[in-house]
Structures are given as C-alpha cells and as structure tokens.
Amino acid sequence: MVTLDPRTIERVARIICDLDGSFERSGRQLEQLLENADWTDPPYYDRSPRIPWLIDAMKSATDAEVEQLICRVCHPLEYDEDGKAAAEAVREAINEALDREGLTVSYIGHEPVMGRLGSKGSTVYTAPEDLESRLPLLIDDPETVAWLLARANETKICEANGAYVFALVGIGSFVEYLLFSVLTRWDPDISEHGFIDRGGKRVPDERVSLDTLIRTAHARGFIGLDRKDFIDKVREYRNFVHLRRQSAVALHPDPETVMMCWGPVRAILVDLERTVRSRRQSAT
C-alpha cells in the first residue's frame with residue numbers, strides 16, 4: 001500500500017470515529033479496533049479528543065497497519081447488528097475518501113481487501129506490500145523469509161514484463177512455501193507428525209502438495225472457507241507450468257488474470273496474520 005496523504009488520513013479517521021453518528025466509537029472501542037486490526041503495538045487511548053488521537057496513531061503506524069485498520073473497519077465482524085449492511089455503509093464512505101488516492105476496498109469472499117482503482121472503476125489487486133515487515137511476524141526463520149521475498153519479487157518482474165503464465169506459477173509457489181512454512185511452525189501436530197494427503201496417508205514434507213497445504217490450512221483454522229475456495233483457483237493456474245494443462249483449457253493469461261490471483265493472496269495473508277497472532281497470545 002502507498003503512504004496515504006495526511007488529508008486522506010484525516011478523512012478516514014473522521015469516518016472511523018463517526019462522532020454523533022450511527023457508528024460512533026468510544027476511546028476504548030478505538031483501542032479495540034486497532035487491536036482487531038492486528039497492529040503490532042497499538043497505542044492506549046489517553047482521553048484526548050478521539051479524531052486527533054486516531055490521526056496521530058495512523059500517522060505513527062506502518063503503511064501495512066493503516067491498510068489493516070481500513071480493511072478491518074469495513075469487516076462485518078466489527079458490527080453487532082446487521083453487520084453486512086453496517087460494514088457496507090462504512091465501506092462506501094471509506095471508498096469515497098480513498099478515491100482521491102486511486103484506492104478502494106472490496107471483498108474477496110467475506111474478507112475486505114484493499115486494491116487500486118482501474119481505469120474503468122474496477123478493482124486492481126497487486127502483490128501485498130510491506131512483505132519485508134509482515135512475513136517475519138509469521139515465520140521466525142530469516143532464510144525462509146528471504147526465499148519468499150525473492151520469489152515475490154521474481155513474480156512481480158514476470159508480471160511487469162508480460163510473462164503472465166510464469167507470474168501465475170510464481171504466485172502459486174509463493175503461496176505453497178508460505179503455507180508450508182506457517183503450518184510447520186505454528187501447528188504442533190504437523191510439526192511433529194507431518195501432513196496427511198487426501199487418501200489419509202502421511203506424506204513427507206518434500207512431497208506435500210499445494211492442494212494438501214490449502215486443505216490443511218483450512219481444516220486447521222488458518223484460513224477461511226471462502227479464501228480456500230479462491231486460492232484453489234490460484235493452485236489450478238499454478239499448474240499451467242505444465243503446458244498440456246494450459247492447452248487443455250485454452251486459457252491465455254493476461255494482466256487481469258494475474259491481478260485476480262493476487263487478491264486471494266492478500267486475503268489469506270490477513271487470515272494467517274490473524275491466526276498466528278492468536279496462537280502467539282495463547283502461548284504466552
């Protein structure tokens with residue numbers, strides 16, 4: 001995500017606080033919202049005026065945390081009654097503020113995800129930003145993080161130069177190693193006993209498939225069902241590394257194909273961050 005202009009931050013902060021409005025938040029509720037947005041070290045509310053307090057908090061946060069906050073405030077889980085309608089009303093107001101920045105919040109399944117506005121008003125998804133700061137929160141091993149960052153960068157090079165099939169392959173392999181690394185780190189049973197394939201048999205780590213990783217991530221509560229369904233399509237496109245697979249469906253990927261695959265990646269990254277954060281807290 002790009003760094004938001006200060007005026008955009010002010011507009012978004014006013015929408016979130018919604019003083020005297022239907023979705024007004026108290027100081028404590030603002031604190032809770034930042035926690036729910038998975039901020040690393042959310043500030044405590046100091047009883048000062050809420051809008052300036054939130055503006056200062058957003059300006060002190062990372063770009064990724066600001067994006068997480070904006071997406072979280074558009075999530076139906078934040079609203080007690082008629083959550084979908086309430087979240088949609090807030091999303092519309094947020095998008096009006098983001099429009100000047102060429103950004104928008106839309107949904108991948110039930111997960112709010114930020115993207116860029118296309119030339120015809122459509123949402124354009126790109127590779128997740130700030131992976132350098134986000135991946136180490138999921139994976140303790142610096143070498144693994146370095147491999148993932150390298151693959152993400154190589155994938156963006158393919159995308160930028162029109163090698164769209166290989167961009168899809170890169171996205172799929174990034175997801176594969178990401179899920180493998182998170183599951184083996186944060187699921188004790190998998191760490192000790194390994195993975196189980198569709199046939200119910202244990203498989204060695206070097207032979208575990210992306211299909212097994214996706215199914216296991218959902219079954220173990222790391223990603224939601226809708227994210228599983230969307231990322232399955234990424235898995236199918238990753239298999240275009242085999243030309244006979246691609247020719248059988250006669251699909252010629254273009255920039256929109258790659259863009260549509262980055263959207264689910266952004267969504268599952270949020271799911272993984274939420275799950276790992278919960279498991280860290282349970283371990284302390």
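The protein chain has 13 helices and five strands, counted as DSSP runs numbered from the N terminus, with helices being H or I over at least four residues and strands being E over at least two. This is a predicted model, so local features need pLDDT of at least 70 and side-chain atom pairs count only at pLDDT 80 or more, while totals for chains, interfaces and linings use all residues. Residues are numbered from 1 along each chain as its sequence is written, and side-chain values use heavy atoms, with hydrogens and water left out.

**Overall build**

- Along the principal axes, the C-alpha atoms fill a box of roughly 60 × 50 × 35 Å.
- Buried residues account for 49% of the 284, where buried means under 20% relative accessible area, exposed over 50% and partly exposed in between (1.4 Å probe, protein chains only).
- Take the contacts (heavy atoms within 4.5 Å) between residues at least 6 apart in sequence: 62% of them join residues at least 24 apart.
- Carbon and sulfur atoms hold 50% of the accessible surface, which comes to about 14300 Å² (Shrake-Rupley method, 1.4 Å probe; for residues, only the protein chains shown count as cover).

**Cavities**

- There are two cavities of 30 Å³ or more; on a 1 Å grid over the protein atoms alone, a cavity is a set of points where a 1.4 Å probe fits but cannot get out, a pocket is an open set with protein on both sides within 12 Å along at least five of seven lines, and lining residues have an atom within 4 Å of a point.
- The largest cavity has a volume of about 200 Å³, meaning the space filled by probe spheres set on the grid points, which are joined across faces, edges and corners.
- It's lined by 20 residues, and Gln 68, Cys 71, Pro 112, Arg 134 and Val 270 are the closest to its centre.
- α4 (63-73), β2 (111-117) and α13 (255-283) are the elements giving two or more residues to that lining.
- By class, the cavity lining splits into nine nonpolar, three polar and eight charged residues (nonpolar: Ala, Val, Leu, Ile, Met, Phe, Trp, Tyr, Cys and Pro; charged: Asp, Glu, Lys and Arg; polar: the others, Gly among them).

- The largest pocket comes in at about 370 Å³, and of its 17 lining residues, Asp 38, Trp 39, Thr 40, Leu 137 and Arg 277 are the closest to the centre.
- α13 gives the most to this lining, with five residues; α4, α6 (131-138) and α13 each supply at least two.
- Six nonpolar, five polar and six charged residues line the largest pocket.
- The second largest pocket holds about 260 Å³ of space, and its lining includes Ser 22, Phe 23, Tyr 79 and Ala 86.

**Helix α10**

- Seven of the 10 residues of α10 (residues 210-219) are buried, so this helix is largely enclosed by the rest of the structure.
- The buried ones are Leu 210, Asp 211, Thr 212, Leu 213, Ile 214, Thr 216 and Ala 217.
- Their cover includes α8 (164-186), α9 (188-193), β4 (195-196) and α11 (225-238).
- After α10 comes Gly 221, with a positive phi near 80°.
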